[in-house]
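Reader: I have the sequence and the model open side by side. Can we go through some of the contacts, one at a time?

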Amino acid sequence: MNIKELIGETNVYDKKQALEERRPKSWCKSVSAFANGNGGKLIFGVADDDTITGLGDVRHDSEVISEQIKSRIDPIPKFDLVIQTVDNKEIIILEISRGLETPYYYVSEGTRTAYQRVGNESIPVDARGLKELILRGIDSTYDSSISRYEFENYSFTKLKAAYKQRTGENFDEDDFISFGIVSEDGKLTNAGALLADESPIRHSRLFCTRWNGVDKAAGTMDALDDKEFTGSLVVLLENGLDFVRTNSKVKWKKTGEERIELPDYPRRSVLEGLVNALIHRQYLDLGSEVHIDIFDDRLEIYSPGGMCDGSFIQERDINKIPSKRRNPVIADIFNRLKYMERRGSGFKKIQSVYQSQYLYTDRLSPQFYSDKENFILTLKNLNYEGAEKGAEKGAEKGAEKMKIQKMEERKEKILSLIKANPSITQGEIMEKLNLSRKQVQSLMKLLNNQGQIRRIGSNRNGYWEVS
């Protein structure tokens, strides 16, 4: 039987060849991650290569699994255990439901660690992610939370003007409360603070750059145009669209009596991409902002925060991604402004608009990339000579550069930890850097091979030395 038949519709699952009774953390962290995410399935009795190996005593293993979840996971998530026979071998399928009381912690020896699913791994939740889980656990979100700012001290002329222009209706005073912009006691919500003319949330900014060439190799001196925008999200959106329009071209082609416009970048695709970046970005990340980078062959829109469910969009089918809103209040307001559709079809719209263009080929299709902390949309210049190869190479180079930079940062952090404590264990490094064991082992092996660290003494009683 194919493993896809075992897990059903879900694409979030983990598998264990056997139940490790003495190492419950090896699988309980997946229970925590699934409960903190959108749920998932854990299959016992299946090898890494998907071979059905079966379990020796499924009744005993089922009891252990149930007991360990109840004693190790706090609060206890909703779960179901199913014993199934496949190829005359018995396996256990543990299904964890999406939790409503997040965060769900793995508890051991007085420590409490919440896990999240990133790609196909379960890793510790960082401080920012923990805040997001706590908000979800009290049925709240960042944008609906009450800020410290008084409504009476801020104006909303840009929001009111956009509402009138796009809907034909006036923005009434009662709408501030009903739309979730102001609380009953006169405080702005974070959504309100982001939509105020002079937004007090300083990290809500938009950086726009038109580079000279296909990369940033020459540095800022090679930028043809460079702008930084602050203020209301409505202003950021309008300024971003204006920047793209100013720094791109619209050619045309006459066929018979018809004139066909040939834009570098379809406006609707740019609009959907920028709306997605501003609405769904991670505003708990105080040290980052949305970027628009225009190169000769492509346009990139970067926003802080990966997919809400921790998956990697490049591994998903764009047409089958359900709508998930990190900031539902802002999303609702942008829907009322007719900048987006409520059903959340932005990715499909970006792709379909490109496919409708006169110069489109499959190799010019928009590219979506995400990891735990970043989201990048790459739109290829439809008029660029050699755009098919250039944009693809540029996007791959950008993603690879990001991976290398992140790896170097993690290596430096490991070196700092070893200098501070030469006897530090891999487990301690995992906890301090919120990395999986596989990631730590790979990085330390690389440091060792590069001659930057070496092991002195045995694995149990030795220590690390930095070269």
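Reader: Which residue forms a salt bridge with Glu228?

Author: This is a predicted model. The closest N and O atoms of the pair are 3.4 Å apart. A salt bridge needs a side-chain nitrogen within 4 Å of a carboxyl oxygen, so the pair qualifies. The partner of Glu228 is Arg205.

Reader: Which residue is linked with Arg205 and Glu228 in a network of salt bridges?

Author: Glu228 is partly exposed, at 48% relative accessible area. Arg205 is partly exposed too, at 27%. The network that holds Arg205 and Glu228 also includes Glu289.

Reader: Lys411 and Glu408 meet in a salt bridge. Why are they separated by about one helical turn?

Author: Both residues lie in helix 12, residues 387–420. An α-helix has 3.6 residues a turn, so residues three or four places apart point the same way. Lys411 and Glu408 are separated by about one turn because their spacing is three residues.

Reader: Is Lys411 buried or exposed?

Author: The cut-off for buried is under 20% relative accessible area. Glu408, at 34%, is partly exposed. Lys411 has a value of 4%, so Lys411 is buried.

Reader: What kind of aromatic pair do Tyr163 and Phe179 form?

Author: Their ring centres are 6.1 Å apart, with 55° between the planes. Stacked needs under 30 degrees and edge-to-face over 60, so an angle in between falls in the remaining class. The pair is tilted.

Reader: Which parts of the chain does the Tyr163 and Phe179 pair tie together?

Author: Tyr163 is buried, at 9% relative accessible area. Phe179 is buried as well, at 8%. The two are 16 residues apart in sequence, so the pair ties together helix 5 and the loop between helix 6 and strand 10.

Reader: Which residue lies over the face of Phe295?

Author: Phe295 sits in the loop between strand 15 and strand 16. The residue over its ring is 4.0 Å from the ring centre. That residue also meets Asp297 in a salt bridge of 3.0 Å, N to O. The residue is Arg298.

Reader: How far apart in space are Val182 and Ala193?

Author: Val182 is in the loop between helix 6 and strand 10. Val182 is buried, at 7% relative accessibility. Among the residues it touches are Phe151, Phe176 and Leu188. Val182 and Ala193 are 11 residues apart in sequence, and their C-alpha atoms are separated by 9.1 Å.

Conventions: Residues numbered from 1 in each chain as written. Predicted model: local features only at pLDDT ≥ 70, side-chain atom pairs only at ≥ 80, totals over all residues. Heavy atoms only, no water. Phe/Tyr/Trp six-rings, centres within 6.5 Å; stacked < 30°, edge-to-face > 60°. Helix = DSSP H or I, 4+ residues; strand = E, 2+ residues; numbered from the N terminus. Buried < 20%, exposed > 50% of the residue type's maximum accessible area, 1.4 Å probe, protein only. Lys NZ or Arg CZ within 6 Å of the ring centre and 35° of its normal. Contact = heavy atoms within 4.5 Å.
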